[in-house]
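This briefing covers a strand sheet, the helices packed on it and a ligand shell. Please look at the structure shown below before reading on.

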Amino acid sequence: MTKETRIITLANQKGGVGKTTTAINLGTALAAIGERVLIVDLDPQGNASTGLGIERSERVVSAYDVLVGDKQLTETVVHTAVPDLDVVPSTMDLLGVEMEIAGSADRVLRLRNAIRDGNHGYDYILIDCPPSLNLLTLNAMAAADSVLVPLQCEFFALEGLSQLLQTVEQVRSSINPRLEIQGIVLTMFDGRNNLANQVVADVRAHMGDKVYKTIIPRNVRISEAPSHGKPAILYDLKCSGSQAYLQLASEVIRRERQLKAA
Ligand code: ADP
Ligand code: MG
């Protein structure tokens, strides 16, 4: 692995907050500006794999084989239609990982070891987590330099955040001292909705400059894109959602450079 690889885990134990959408479109945006990017799909639902156009029949090997089997990371990589954007796909087998590796001493470090051992040359590895703080998510946090938390602009946005931050803290104090919260990205924002504006103000008040300046708007093009097997940025570059993800990518790069320098 090159020293320069930055590994970012997208985590939130709530489902439907924009983890997968952010992994796909942030990954595409980073690739579009010249970074070599790998998305690791750790959600048994496999939405990131589907959204990147990887048919189930193409998922012969998957993240499961990295965590449980003896496959090298690079042996499981599939290219996507986006140049410089690859994916380690998910299969339903991932549902069984917890049971299968629970008894092994290195169960939380499986992904980290695989990424460290692999001579892959990626600039960024984005790990898309399932909606749970389970062993898959812990593997993702153990492997990462930083955590990116998508929060949906809705009433209960902050609910559950303290549990997530606590988990990050536990991982930091036990197995991965370098783990940082890269930032919190507000998603599915609808400016016509007063509540959404209130949520943005609340989250900024609580989390300060951990919150990215970029806010991802609710945008129908974003939700249509996965059914075409394409990142929104390829499906409709001009739409407000794609533009926001491009902006987020430059913020992420800036923060990663700061974290790396620190
Ligand atoms: P998670 O991975 O956290 O479960 P997803 O990224 O799958 O969340 O998003 C949940 C749903 O919301 C998906 O159907 C997705 O297409 C849709 N969605 C995500 N972000 C947006 C957005 N900015 N505008 C409109 N729909 C969105
Ligand atoms: Mg998801």
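β1 and β5 run parallel and are joined by five bridges; two strands count as paired if DSSP finds at least two bridges between them. Helices (H or I, at least four residues) and strands (E, at least two) are DSSP runs, numbered from the N terminus. This is a predicted model, in which local features need pLDDT of at least 70 and side-chain atom pairs count only at pLDDT 80 or more, while totals for chains, interfaces and linings use all residues. Residues are numbered from 1 along each chain as its sequence is written, and chains are lettered from A and ligands numbered from 1 in the order in which they are written.

**Sheet**

- Eight strands form an open sheet with mixed pairing, in the order β3-β4-β2-β5-β1-β6-β7-β8.
- β3 (78–79) and β8 (211–217) are the edge strands, each pairing on one side only.
- β6 (residues 146–152) is in turn joined to β7 by seven bridges, and the two run parallel; Leu151 has Leu186 in β7 as its bridge partner.

**Burial**

- A residue is buried if 20 or more other C-beta atoms lie within 10 Å of its own, exposed if 12 or fewer, and partly exposed in between, with C-beta atoms placed from the backbone.
- Five of the five residues of β1 are buried, so this strand is largely enclosed by the rest of the structure.
- Arg6, Ile8 and Leu10 lie on one side of β1 and Ile7 and Thr9 on the other, and all are buried.
- In a regular strand the side chains alternate between the two faces of the sheet.
- β5 is mostly covered, with five of its five residues buried: Tyr124, Leu126 and Asp128 point one way, and Ile125 and Ile127 the other way.
- Helix α6 (residues 135–143) has eight of its nine residues buried, so it is largely enclosed by the rest of the structure.
- Among the buried residues of α6 are Leu136, Asn139 and Met141.

**Helices across the sheet**

- α1 lies across β1 (6–10), β2 (37–41), β4 (85–88), β5 (124–128), β6 and β7, and runs at about 165 degrees to β5.
- α8 (residues 194–207) lies across β6, β7 and β8, at about 170 degrees to β7.
- Contact here means C-beta atoms, placed from the backbone, within 7 Å; axes are lines fitted to C-alpha atoms, for helices over the stretch in contact, and angles run from 0 to 180 degrees between N-to-C directions.

**Ligand 1**

- Ligand 1 is surrounded by 18 residues, the closest being Lys19, Thr20, Thr21, Ile222 and Ser223; a residue is near a molecule if its C-beta atom, placed from the backbone, lies within 6 Å of it.
- At least two shell residues come from each of α1 (19–32), β7 (180–189) and α9 (220–224), and α1 gives the most, with three.
- The shell divides into six nonpolar, ten polar and two charged residues.
- Ala, Val, Leu, Ile, Met, Phe, Trp, Tyr, Cys and Pro count as nonpolar, Asp, Glu, Lys and Arg as charged, and the others, Gly among them, as polar.

How values were computed
Two residues are in contact if their C-beta atoms, placed from the backbone, lie within 7 Å.
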